Amino acid sequence: MLRTGTLALIILILVLFPCAKTSWAFWVQNGIPLCMAVGSQDDIQAISDGFGGAIIVWGDKRNGSDYDIYAQRIEPNGNILWAENGVPICTISGDQKYPRLASDGYGGAIITWWDKRSSSSWDVYAQRITASGIVSWTSNGVAVRISSGNEADVEIAPSILGSSIIVWRDPRAGYSDIYAQRVSANGEACWNQEGTPICTATLNQLKPVITSDDAGGAIIAWQDFRSGTSTDIYAQRIDANSNVLLAADGVAICTANNDQDYHSIDRDGHGGAIIVWHDWGASGIYAQRITANGVRWWAESGIAICTGTVEALYSQIPMTADEAGGAIITWMDVRNYSTNDLDIYAQRIDENGDLLWGPDAAAICRASGAQNAPQPVISGLHGAIITWADNRNGNSDVYVQRLDPNGNSMWQAQGVPICTALGTQYKPKPVSCLDDGSIIAWTDYRNGADYDVYAQRIDATGNQPIATLLQSYLALYSGSAIEVTWTLSEIDSDFEFIIQRAAGSPLRFDDVGSAPVTREGLSFAYKDRKAEPGTTYWYRVDVSTRTERLNLFETGPVTVPTMPLALFQNQPNPFNPSTEIRYYLPERCSVALDIYNVKGALVARLMEGYRDKGSHTVSWDGRDRDRRQVNSGVYFYRLKAGKVEISKKMVLLR
């Protein structure tokens with residue numbers, strides 16, 4: 001079977017595209033490096049680029065002891081689009097840490113972070129990077145909030161017209177309050193230059209989280225100390241014009257006894273939001289849905305998601321909207337604490353507050369060793385892909401599982417390994433792909449010197465597009481067909497290629513069937529003669545052995561030009577005993593296809609009637625109108641479409 005190439009070789013692969021674009025990366029086993037610069041890279045965040053790829057941002061110490069911010073974009077087929085080791089977002093003196101990002105709506109992102117360039121306090125800065133990797137605002141970012149105090153807990157959500165809403169914890173009044181600002185696509189403050197107050201209630205408000213309200217505004221939740229005895233959860237909604245829409249200083253989400261924290265938020269798809277938190281008084285995870293008008297939709301103190309077995313070690317209880325008004329929530333679970341293991345569980349809650357995956361939730365992974373840092377993203381119709389750090393092999397690796405809408409695991413039990421390389425891999429961050437798969441980025445210590453950034457993709461079936469010794473590939477329209485060609489550096493005999501094709505959006509790849517693949521040495525080719533004019537196609541080539549099927553490569557888009565009425569040369573020609581005649585109609589019309597001999601006499605009418613726009617194929621078996629075999633010789637076939645006639649010559653050899 002095909003043998004997997006080494007990482008060093010794959011990084012040097014030259015991958016060809018129809019536009020002659022080159023790329024120097026491809027998916028390989030255990031992931032491809034997005035950044036291997038000197039110094040550590042960590043605190044990874046990732047979002048979808050809206051085209052099936054991902055934008056990843058991280059904190060970076062390549063320039064010395066201070067942290068800077070860098071970013072990278074990667075395509076679905078593993079092509080790294082921006083500068084090697086990432087584009088610098090902010091490299092000014094002092095620390096820049098804890099980046100967060102939101103889509104700019106055009107394939108790029110707006111990135112915000114904590115910034116200590118003043119050396120005396122933390123401020124809030126932001127920068128926009130376009131889809132092509134161009135940093136488009138003031139060098140090293142625009143100031144969102146500067147003061148003598150320490151602004152912190154910075155979060156971001158997309159707003160309208162490429163703008164974003166940024167929220168932070170602000171100490172300007174002595175205690176920490178919550179403020180927000182909308183930053184335009186041009187990097188300008190849309191609201192009061194000092195920010196709009198979200199909550200200035202007595203005592204401290206901390207750790208704001210934010211989600212879009214699907215109307216250009218946002219819903220923000222935070223941990224609130226106003227009671228003076230314990231921390232509660234409050235929330236507020238603000239529109240795109242800075243109008244605070246709910247009660248002053250927010251509405252109470254949960255004010256039960258003891259502390260509520262580790263909260264997270266996501267949209268409910270109806271202008272409201274679902275908020276989840278860890279509740280120390282009830283010892284478990286609780287959730288609440290708040291409407292666009294600030295009404296708590298479920299029980300007063302929230303719905304219990306899981307009680308008694310939750311391990312609250314991280315800053316949030318991860319969740320994702322299920323795109324049906326509910327949410328999928330994940331956590332680390334200690335119900336099997338006798339084995340000294342942490343496991344991963346998940347629950348789906350619908351818009352009415354009903355638990356859909358049973359009272360005990362769905363067990364995602366109960367393998368030996370500890371599993372931690374789960375992160376979910378939506379996959380398919382109301383399902384999810386969940387990734388986590390896994391210690392079953394003695395050090396931290398990255399594993400992933402896909403769940404259907406009923407909470408059933410769709411891939412192998414206890415998860416699919418994404419990276420089991422040497423060293424530590426931790427804090428994976430997944431994003432959804434257009435094919436219901438996921439691109440996952442993580443912090444990686446395989447080189448033993450410092451932390452790097454790696455990524456891998458997994459498709460909806462649980463397969464990873466691992467590269468073999470692929471030398472090059474090319475996909476282009478040749479004038480009569482789309483040709484996909486590829487070359488390998490080595491290959492064994494026990495294999496076959498499987499061609500898949502997709503058209504339109506979202507991309508749905510289907511097997512072409514018994515697609516003929518030609519071979520010359522280690523070069524291979526497939527011609528798609530059924531590609532329709534005016535249509536854009538993508539192709540995948542898989543390699544299959546007796547034991548496995550792996551993705552070899554995925555092309556970029558190839559567009560067949562629009563074309564007028566056409567009659568193509570019959571195939572085969574010369575022929576015996578039959579041949580196929582193909583023609584293309586630019587619109588629906590009345591059609592007739594006839595065969596004539598060299599004297600101009602009608603031999604046979606193969607077809608007559610109305611046909612739809614598109615390609616059509618008709619066979620002739622070398623017989624006349626009376627079903628008698630005709631003699632060898634030259635014949636003409638004539639297509640009449642509407643008022644237009646086209647003829648071509650063919651040869652019958654008996």
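Predicted model: local features only at pLDDT ≥ 70, side-chain atom pairs only at ≥ 80, totals over all residues.
User: How many disulfides does a search of the whole structure find?

Analyst: The search comes back with 0 disulfides.

User: What makes cysteine 35 count as buried or exposed?

Analyst: Its relative accessible area. Buried means under 20%, and cysteine 35 has 0%, so it's buried. Cysteine 589 has 15%, and that is also under the cut-off, so cysteine 589 is buried too.

User: And alanine 367, buried or exposed?

Analyst: Same test. Alanine 367 has a relative accessibility of 10%, which is under 20%, so it counts as buried. You'll find alanine 367 in the loop between β27 (362-365) and β28 (371-379).

User: Which residues does alanine 367 touch?

Analyst: Leaving out residues up to four places away in sequence, alanine 367 touches Asp341, Asp343, Arg392 and Gln414.

User: What makes β44 and β45 a pair?

Analyst: Count the bridges. Two strands pair if there are at least two bridges between them, and β44 and β45 (residues 579-585) have 2, in the antiparallel sense. That meets the cut-off, so they pair. Across that pairing, leucine 567 stands opposite tyrosine 583 in β45.

User: How many bridges join β46 and β47?

Analyst: β46 (residues 589-596) and β47 (residues 602-611) have 8 bridges and pair in the antiparallel sense. Here leucine 593 stands opposite methionine 607 in β47. The two strands form a hairpin with 5 residues between them, and glycine 600 in the turn has a positive phi of about 90 degrees.

User: Which residues line the largest cavity?

Analyst: The lining is Tyr477, Gly479, Ser480, Arg529, Ala531, Pro533, Val560, Met563, Phe568, Arg582, Tyr584 and Ser615. By class, that's 7 nonpolar, 3 polar and 2 charged residues.

User: What makes this space a cavity?

Analyst: In a cavity a 1.4 Å probe fits but cannot get out, whereas a pocket is open. The structure holds 1 cavity of 30 Å³ or more. The largest cavity has a volume of about 60 Å³.

User: What volume does the second largest pocket have?

Analyst: About 790 Å³. Of its 26 lining residues, the closest to its centre are Lys527, Asp528, Arg529, Lys530 and Arg582. The lining divides into 7 nonpolar, 9 polar and 10 charged residues.

User: Which strand gives the most to that lining?

Analyst: That's β40, with 4 residues. β38 (510-511), β40 (523-528), β45 and β48 each supply at least two.

Conventions:
Residues numbered from 1 in each chain as written. Heavy atoms only, no water. 1 Å grid on protein atoms, 1.4 Å probe; cavity = no way out; pocket = protein on both sides within 12 Å on 5 of 7 lines; lining within 4 Å. Points joined across faces, edges and corners; volume = space filled by probe spheres on them. Nonpolar A, V, L, I, M, F, W, Y, C, P; charged D, E, K, R; others polar. Disulfide = S-S within 2.5 Å. Buried < 20%, exposed > 50% of the residue type's maximum accessible area, 1.4 Å probe, protein only. Contact = heavy atoms within 4.5 Å.
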